[in-house]
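The sequence and the coordinates are shown first, and the description follows.

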Amino acid sequence: MKSSTPELLPLLKQYFGFTSFRPLQEEIIRDSLAGKDTFALLPTGGGKSLCFQLPALVREGLTVVVSPLIALMKDQVDALQAGGVPATFLNSSLAAGEGRQRLRGLHNGEFRLLYAAPERLMLSGFLEDLQRWNVRLIAVDEAHCISEWGHDFRPEYRQIADLRKLFPNVPFMALTATATGRVREDIISHLKLREPSCYVASFNRPNLTYRVIAKNKPYDQLLNFLRARPKESGIVYCMSRKSTERVAANLSEDGVKAKPYHAGLTPKERSEHQELFLRDDVRVICATIAFGMGINKPNVRFVVHYDLPKNIEGYYQETGRAGRDGLPGECVLLFSAGDAVKQTMFIDEKPNPQERQIAREQLQQMVHYAECANCRHSELLAYFGEKFGVPNCGACDNCLSPRATFDGTLAAQKFLSCVYRIREKNGFGVGLNHVVEVLTGASTEKIRKWDHAQLSTYGIGKEYSRPEWAAIGRELVRLGFLRQTSEKFSVLELTNEGRTALKERRKITLTKPAVAPETHVHHVGEITCDEVLFEHLRALRKKLADERDVPAYIIFSDVALRQMARNYPESERDFARISGIGEKKLREFGDIFLGEIAAHLQTNARQIFADDSFTAPAAPPPLSRSSLGDSARETMRRFRSGQSIEQIVRERQVTTGTILGHIAEGIERGEPVAMEKFFTAEEQKKVAAAFVRNGFGNLTAVFESLGGKIDYGRLRVFRAAANARRG
């Protein structure tokens with residue numbers, strides 16, 4: 001390779017402050033300057049932007065950069081202008097006068113780089129302008145957006161290929177940080193790149209440490225993680241807009257400066273929050289995937305995925321925003337198989353069958369990554385077609401603390417045999433959940449319909465729980481003994497290797513799944529339930545509430561929905577036992593909700609829960625304030641600000657008992673509350689004596705011994721304060 005010549009290095013130093021190129025940058029730049037089409041796959045932080053920015057300074061004319069996000073355009077143009085590079089962007093964020101001023105500058109040849117979205121470029125009037133502006137290079141940033149197999153497919157990117165007809169002699173450059181072999185082929189094909197020079201850098205980011213943690217009370221896990229790093233900044237990725245706002249608000253209340261970022265905020269709000277983060281005025285951004293593309297903040301020290309990402313490409317790109325300065329960065333994924341269930345529900349709502357299939361495949365790959373026991377760096381590189389030559393990376397949880405393995409031959413034999421017996425009996429395969437239900441002896445509609453209780457494998461797997469069997473099944477897929485299809489009705493099939501292992505009783509070593517630590521503290525009001533059914537019931541409640549133009553809690557409370565999702569009522573008599581259901585609600589909503597529950601049980605096994613007692617223990621250990629629920633947080637915020645109980649009840653439109661329950665919960669989690677606000681000195685003596693006589697676990701006896709003169713809500717507050725002192 002020819003050494004760097006003076007015309008590149010002085011410009012590199014003058015405008016960007018570097019004295020040498022990163023891997024592949026110089027080769028890409030020289031090919032572009034020679035008029036060749038180029039494809040560049042450089043990992044996040046690998047210096048993609050310089051590959052088209054420096055050539056724009058070497059030659060006369062305009063370099064047009066196709067960019068998908070307003071934030072990305074502004075960030076890069078701000079950085080270029082700060083370095084003295086004449087660059088601009090055109091998008092919908094500009095006022096009319098400002099846009100006209102920039103167009104005049106382009107007509108006068110004042111700029112070397114123009115950033116624009118594909119929709120703007122393809123407007124007929126704008127295309128005519130482009131032809132007059134001496135375009136010398138068209139660079140397509142985030143080029144994976146052109147592929148439906150990419151993690152951020154955008155149909156409007158497909159139109160970019162039309163520029164080839166208008167600019168037949170202008171070289172194209174396609175750049176991306178994440179692309180599998182299939183996506184690379186798509187990019188080259190759809191952009192009609194002509195015999196391009198292709199450059200693919202290593203995907204390895206050795207300065208990043210990857211960890212996957214079993215999700216259990218995720219907010220507490222996140223807060224503990226952040227408190228251990230009080231001076232570091234980072235990004236927390238959440239699945240929904242609502243969760244970004246909730247997590248950011250809770251963090252701010254707990255002393256961690258945080259802001260939300262999502263597409264539902266106004267452009268002004270997004271810009272302000274981004275600026276606060278870039279300037280370190282806020283150290284945590286809680287964001288959807290709308291945040292981060294092209295953000296050049298070098299000192300992002302951590303990226304936490306609060307929810308399961310949809311695919312590995314997106315996960316890799318988002319984690320790549322940590323440690324862009326080359327210093328260590330931490331990447332933490334809070335994983336729960338339940339998140340995959342939620343993602344699947346969203347996928348099933350996609351109208352396009354092809355999109356559904358692609359999304360299912362990508363989600364399966366993401367779950368496999370989260371559950372695998374292999375080196376995380378090796379797994380990520382393998383996904384992108386690169387081999388990792390080191391046996392132990394020293395920078396992931398699986399290498400630093402290898403998971404325990406066990407002889408899983410018997411478990412594997414049972415699972416593989418069950419898959420075989422089902423297909424042998426019916427002539428078709430079934431999904432992973434159904435296999436688990438057969439192994440654990442469930443009695444579902446499908447098992448009865450297909451007579452699967454008569455299979456020899458029915459009920460032979462009761463030594464493991466359903467989640468444990470599901471994890472075993474997924475590992476058998478990863479090991480190649482089973483294949484999981486990605487069609488609408490995803491089914492398991494034995495592979496040739498699986499048949500051989502089953503026939504020869506081959507020894508199979510399995511990995512003990514990473515499990516969330518057991519929690520010995522029962523939160524006040526917590527009700528364990530079937531989370532999938534609960535989400536269905538919430539959606540039904542929302543629909544009914546919208547039809548009646550009332551808040552959702554007017555229909556049923558969350559407590560009621562959770563009890564439904566725990567007890568599975570099948571008759572009006574059962575339904576009437578649910579908390580908060582009177583005659584009118586039974587008449588108006590009983591049949592609707594009973595129908596929803598029955599429909600759920602036709603395709604899902606009935607879950608069995610421990611017969612928990614929901615009364616508080618006599619003297620629970622003190623709980624961290626971080627465990628306080630969102631609604632209780634709001635009550636405590638108002639109470640601390642001086643609002644009376646009556647005022648809070650009126651403004652929040654809930655019962656006095658609910659508000660007092662929130663305050664009791666706050667006290668148990670360390671909130672200082674003066675008992676004088678609830679009791680006279682004489683009352684405190686009487687209540688204390690009643691608890692001593694009757695015990696702290698028997699609230700009814702205390703209430704009755706006081707002649708019903710002090711309500712249950714205040715008694716709960718007193719008990720919480722006493723327990724907090726004793727704890």
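Gly-408 counts as buried, at 1% relative accessibility; buried means under 20% relative accessible area, exposed over 50%, and partly exposed in between, with a 1.4 Å probe and protein chains only. The residue is placed in the loop between β14 (405–407) and α18 (409–426). Helices (H or I, at least four residues) and strands (E, at least two) are DSSP runs, numbered from the N terminus. Leaving aside residues up to four places away in sequence, Gly-408 touches Ile-508, Thr-509 and Leu-510, where contact means heavy atoms within 4.5 Å. Gly-408 and Ile-508 are 100 residues apart in sequence, yet their C-alpha atoms are 5.5 Å apart in space.

**Basis and confidence**

This is a predicted model, in which local features need pLDDT of at least 70 and side-chain atom pairs count only at pLDDT 80 or more, while totals for chains, interfaces and linings use all residues. Residues are numbered from 1 along each chain as its sequence is written, and side-chain values use heavy atoms, with hydrogens and water left out. The pLDDT, the predictor's confidence in each residue from 0 to 100, averages 83 for the protein chain, and 90% of the residues score at least 70. Over residues 1–6 pLDDT stays under 50, and the model has 12 contacts for them beyond four places in sequence. Residues 516–526 also stay under 50, with 16 contacts beyond four places in sequence.

**The parallel sheet**

An open sheet of 6 strands, with parallel pairing, has the order β8-β13-β12-β9-β11-β10; two strands pair if DSSP finds at least two bridges between them. The edges are held by β8 (208–214) and β10 (258–261), each with a single partner strand, so one side of each is left without a neighbour in the sheet. On average, neighbouring strands of this sheet are turned by 15° against each other, direction ignored. Axes are lines fitted to C-alpha atoms, for helices over the stretch in contact, and angles run from 0 to 180 degrees between N-to-C directions.

Of the 7 residues of β8, 5 are buried, so the strand is largely enclosed by the rest of the structure.

Helix α13 (residues 312–319) touches β8, β9, β12 and β13, and its direction makes about 150° with that of β12. Helix α12 (residues 267–278) lies across β9 (233–237), β10, β11 (284–287) and β12 (300–305), running at about 140° to β10.

**Helix α16**

In α16 (residues 376–383), the buried residues are Arg-376, His-377, Leu-380, Leu-381 and Tyr-383. Seen down the helix axis, they fall within an arc of 160°, so they line one face of α16; the arc is that of the directions from the helix axis to the C-beta atoms. These buried residues pack against β8, α13, α15 (353–371) and α17 (397–400). Gly-385 follows α16 and has a positive phi, near 85°.

**Salt bridges**

Side chains of opposite charge can pair when their charged atoms come close. The structure holds 39 salt bridges, a salt bridge being a side-chain nitrogen of Lys or Arg within 4 Å of a carboxyl oxygen of Asp or Glu.

| Pair | N to O distance |
|---|---|
| Glu-26 and Arg-30 | 3.0 Å |
| Arg-132 and Asp-129 | 2.5 Å |
| Glu-547 and Arg-548 | 3.6 Å |

Both Glu-26 and Arg-30 are buried. These two residues are 4 residues apart in helix α2 (residues 25–33), and are therefore separated by about one helical turn. In the second pair, Arg-132 is exposed, with a relative accessible area of 55%, whereas Asp-129 counts as buried at 14% relative accessibility. Elsewhere, a network of salt bridges links Glu-253, Asp-254, Arg-633 and Arg-640.
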